[in-house]
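Here is a short report on one protein chain. Read it with the sequence and the 3D view side by side.

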Amino acid sequence: MALASRLREVHTLCGTGGRAMVDVFISYSGDDRGKAEVLARALAGQGWQVWWDRSIPTGEEYRTVIETALRDARCVLVLWSPRSVRSRWVCAEAEDAWSRQALVPVQIEACRPPLPFGTLQTADLTRWGGDASDPAFARLAADIERFAPR
């Protein structure tokens, strides 16, 4: 299945109340959308079903769709940046993922994650340019594999 099609299929199922088990939910600040998209495409290209909030269907309630996708995800990547550490949504999504042991924290820019997340080992993608063969991406993929085997 083509990458764009795989991303669209997961968005549609989660957005309309369908019960799709998503491999990876990406939590990020809207200001980091470009980096989130590059990561979503790279992960989908590796065979994971990825959910991020760019395809919430018209007329659907954001909170309901996001909560459903978050709950149904096997793991939650939280992209930490100076902007996301100030986002109530990102922190709430991180808290939810942590409480069910599904959190995979990822640093995309130098910042200090809020407590208690700063005490966790965090994947470092601060220098990652989108290349799936990059060792930093390969380490992240191995971490995701523990939660969502392909």
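Gly-47 counts as partly exposed, because its relative accessibility is 38%. Gly-47 sits in the loop between H2 and S2. Its C-alpha lies 9.5 Å from the C-alpha of Asp-23, and the two residues are 24 apart in sequence.

The model is predicted: local features need pLDDT of at least 70, side-chain atom pairs count only at pLDDT 80 or more, and totals for chains, interfaces and linings use all residues. Residues are numbered from 1 along each chain as its sequence is written, and side-chain values use heavy atoms, with hydrogens and water left out.

## The overall plan

The protein has five helices and five strands. Helices (H or I, at least four residues) and strands (E, at least two) are DSSP runs, numbered from the N terminus. Their order from the N terminus is α-β-α-β-α-β-α-β-β-α. The protein has 150 residues, and 43% of them count as buried.

Contact means heavy atoms within 4.5 Å. Take the contacts between residues at least 6 apart in sequence: 70% of them join residues at least 24 apart.

## Two helices that pack

Two packed helices are described by the angle between their axes and the distance between the axes. Helix H2 covers residues 33-45, and helix H5 covers residues 135-147. They pack at an angle of about 65°, and their axes are 12 Å apart. Axes are lines fitted to C-alpha atoms, for helices over the stretch in contact, and angles run from 0 to 180 degrees between N-to-C directions.

Which residues make the contact? From H2 come Leu-39, Ala-42 and Leu-43, and from H5 come Phe-137, Leu-140 and Ile-144. By class, this contact of H2 with H5 has six nonpolar, no polar and no charged residues. Ala, Val, Leu, Ile, Met, Phe, Trp, Tyr, Cys and Pro count as nonpolar, Asp, Glu, Lys and Arg as charged, and the others, Gly among them, as polar.

## Rings in pairs

Rings of Phe, Tyr and Trp (its six-membered ring) pair if their centres lie within 6.5 Å. Planes under 30 degrees apart count as stacked, over 60 as edge-to-face and the rest as tilted. By this rule there are five aromatic pairs. The table shows two of them.

| Pair | Type | Centre to centre | Angle between planes |
|---|---|---|---|
| Phe-25 and Trp-51 | stacked | 5.0 Å | 15° |
| Tyr-28 and Trp-52 | tilted | 5.8 Å | 50° |

Phe-25 belongs to strand S1 (residues 22-27) and Trp-51 to strand S2 (residues 50-51). That pair links distant parts of the chain, 26 residues apart. Phe-25 and Trp-51 are both buried.

Tyr-28 lies in the loop between S1 and H2, and Trp-52 in the loop between S2 and helix H3 (62-72), so their pair ties together parts that are 24 residues apart in sequence. Tyr-28 and Trp-52 are buried too.

Elsewhere, ring pairs join Trp-80, Trp-98 and Phe-117 into a cluster. One ring also has a charge over it: the charged end of Arg-150 sits over the ring of Trp-48, 4.1 Å from its centre. The rule asks for NZ of Lys or CZ of Arg within 6 Å of the ring centre and within 35 degrees of the ring normal.

## Loops to look at

Start with Ser-81, in the loop between strand S3 (73-80) and helix H4 (88-99). Is Ser-81 buried or exposed? Ser-81 counts as buried, because its relative accessibility is 0%. Leaving aside neighbours within four places in sequence, Ser-81 is in contact with Asp-32, Ile-108, Glu-109 and Cys-111.

Next come Gln-101 and Ala-102. Gln-101 is in the loop between H4 and S4. Ala-102 is in the loop between H4 and strand S4 (103-107). Gln-101 is exposed, with a relative accessible area of 68%, whereas Ala-102 counts as buried at 1% relative accessibility. Phi of Gln-101 is near 55°, a positive value in a residue other than glycine.

Not counting residues up to four places away in sequence, Ala-102 touches Arg-74, Cys-75, Val-76, Ala-97 and Phe-147. Ala-102 and Phe-147 are 45 residues apart along the chain, yet their C-alpha atoms are separated by 7.3 Å.

The peptide bond from Leu-115 to Pro-116 is cis, with omega near 0°.

Definitions and conventions: Buried < 20%, exposed > 50% of the residue type's maximum accessible area, 1.4 Å probe, protein only.
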